[in-house]
Amino acid sequence: MENLLSEGIKATPPSFVRGILKAASDPQIISFAGGLPNPVSFPQDDLLLSMERIVKKYGSNVFQYSITAGLPELRQYIADRYNRKYNLKLTIDNIIITTGSQQALDLIGKVLLNKSDGVIVEKPTYLAAIQAFSLQQPVFYPVELTQEGLNPEQLKKALQNNIKFIYTIPNFQNPTGLTYSAENRKQIFEILKDKDVVLIEDDPYGELRFDGKTLPYIGAGKLTNSILLGTFSKTVTPGMRIGFIISENTELLKYISIAKEASDLHSNIFSQYLIWDYLIHNEYDHHIAKIKDLYQKQAQAMIHAMDKYFPKTVEYTKPDGGMFLWVTLPEGISAMELFPKALDRKVAFVPGDPFYTDIENANTMRLNYTNADCQTIEEGIRRLGALLKDLNK
């Protein structure tokens, strides 16, 4: 079989999180491993009303083939929302609907990358982005992610290579929960403004800010080769798989659209109609406010439990929004080796290794706080804290 496989698929790692979720399927295990929105945030009753409404109102259109770029009404809604919130100047021609943000990453890799082209990523970065880009066999150039954002000097050095694009998650980054500061965003813009590279700002969590002020994007509306990614997976429902690409570079979008035609013709049109109808018949911002209030309480519960149960030698981020925080263990402790011991104590996390392109046996781990109630969070952190304390004995 090996001789029949492409070099691209052989270079692509399997999803580590999917494997963890299988291992953590025991109902007795408290799992902080997945990136799952809290199901209590799904507006099921309102979505049911929208389902009935779109079938009655639009009939066969919701079941028929559709255009690759996506439902025009939904694209117009997205354009209007981003114009209003971020002072952009978008039309529906600047937006393509995708099957989640994950498809957007896949399409961008197909359109921009040849084998051995350079890709700058955060260190650490989103593991499924590494997976998506790896199919094209690029060379990854990781740039350290600090408390402020990308390290500017390392970014300048990495740009001396044959770089096609830079992949960033500037708001409540996955896996760390960190957010780029306003000053860091300005620094990155100044570094990139005369460079012929594409800047990707992946922003699935931007709507979920529960502390502080919303910050402007680095490149959206300012850099010619800017791509902004968004999704309804974290604010409406992940199962509908509706994400979107925003770019003022319509020539680049033309090629992405061609790649999407070759991939799936178009994203699920029923889901597009459903989400659009939900958005225009409900107070979307009010719904998001309830999610943010919920996630803030869960994040605070996790941080308070870590303050209480973790050894003082363990460090962790304190995010202003999003779904994750990042734990740094003392040097020499491998989170990967710790993982099976944690499972024995009925608690799960994601070790840091799959979030890096150049590190093994990392002393870091990602914890998700959105898919467990506060009482469960405290118990899970208590179990993990007891394990960490035992390591020092």
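The legends below describe close-up views of a predicted model.

**View 1. The open sheet and its edge strand E2.**
Seven strands form an open sheet in the order E2-E8-E7-E6-E5-E3-E4, and their pairing is mixed. Strand E2 (95–99) and strand E4 (139–144) are at the edges; each has a single partner strand, so one side of each lacks a neighbour in the sheet. From one strand to the next, the twist averages 25°. E2 runs antiparallel to strand E8 (residues 242–246), and five bridges join the two. Within this pair, threonine 98 is opposite glycine 243 of E8.

**View 2. Helix H12 and its two faces.**
The buried residues in helix H12 (residues 335–344) are Ala335, Leu338, Phe339, Ala342 and Leu343. Viewed down the axis of H12, these residues fall within an arc of 140°, so they line one face of the helix. Glu337 and Asp344 are exposed, on the face turned away from the buried side. At the start of H12, a side-chain oxygen of serine 334 comes to within 3.3 Å of the backbone nitrogen of methionine 336. After H12 comes lysine 346, with a positive phi near 65°.

**View 3. Glutamine 272 in helix H10.**
Glutamine 272 belongs to helix H10 (residues 269–281). Its relative accessibility is 1%, so glutamine 272 counts as buried. The side chain of glutamine 272 reaches the backbone oxygen of serine 267 at 3.0 Å. Leaving aside residues up to four places away in sequence, glutamine 272 touches Gly70, Leu71, Leu74, Ile97, Ile242 and Ser267.

**View 4. The salt bridge between arginine 81 and glutamate 207.**
In this pair, the closest N and O atoms are 3.0 Å apart. Arginine 81 lies in helix H4 (residues 72–86) and glutamate 207 in the loop between strand E6 (198–202) and strand E7 (226–231), so the pair, 126 residues apart, links distant parts of the chain. Arginine 81 is buried, with a relative accessible area of 4%, and glutamate 207 is buried as well, at 17%. A network of salt bridges links Arg81, Lys85, Glu207 and Asp285.

**View 5. Two further salt bridges.**
The whole structure holds 16 salt bridges. Aspartate 264 and lysine 260 form one of them, with the closest N and O atoms 3.0 Å apart. Both residues lie in helix H9 (residues 250–264), four residues apart, which is about one turn of the helix. Aspartate 264 is partly exposed at 24% relative accessibility, whereas lysine 260 is buried at 0%. Lysine 193 and glutamate 190 also meet through their side chains in a salt bridge, at 2.7 Å from N to O. Lysine 193 is partly exposed at 43%, as is glutamate 190 at 45%.

Terms used. Residues numbered from 1 in each chain as written. Predicted model: local features only at pLDDT ≥ 70, side-chain atom pairs only at ≥ 80, totals over all residues. Heavy atoms only, no water. Pairing = 2+ DSSP bridges. Axes fitted to C-alpha atoms, helices over the stretch in contact; angles between N-to-C directions. Buried < 20%, exposed > 50% of the residue type's maximum accessible area, 1.4 Å probe, protein only. Arc of directions from axis to C-beta. Polar contact = N/O pair within 3.5 Å; in protein donor to acceptor, adjacent residues only side chain to side chain. Contact = heavy atoms within 4.5 Å. Salt bridge = Lys/Arg side-chain N within 4 Å of Asp/Glu carboxyl O.
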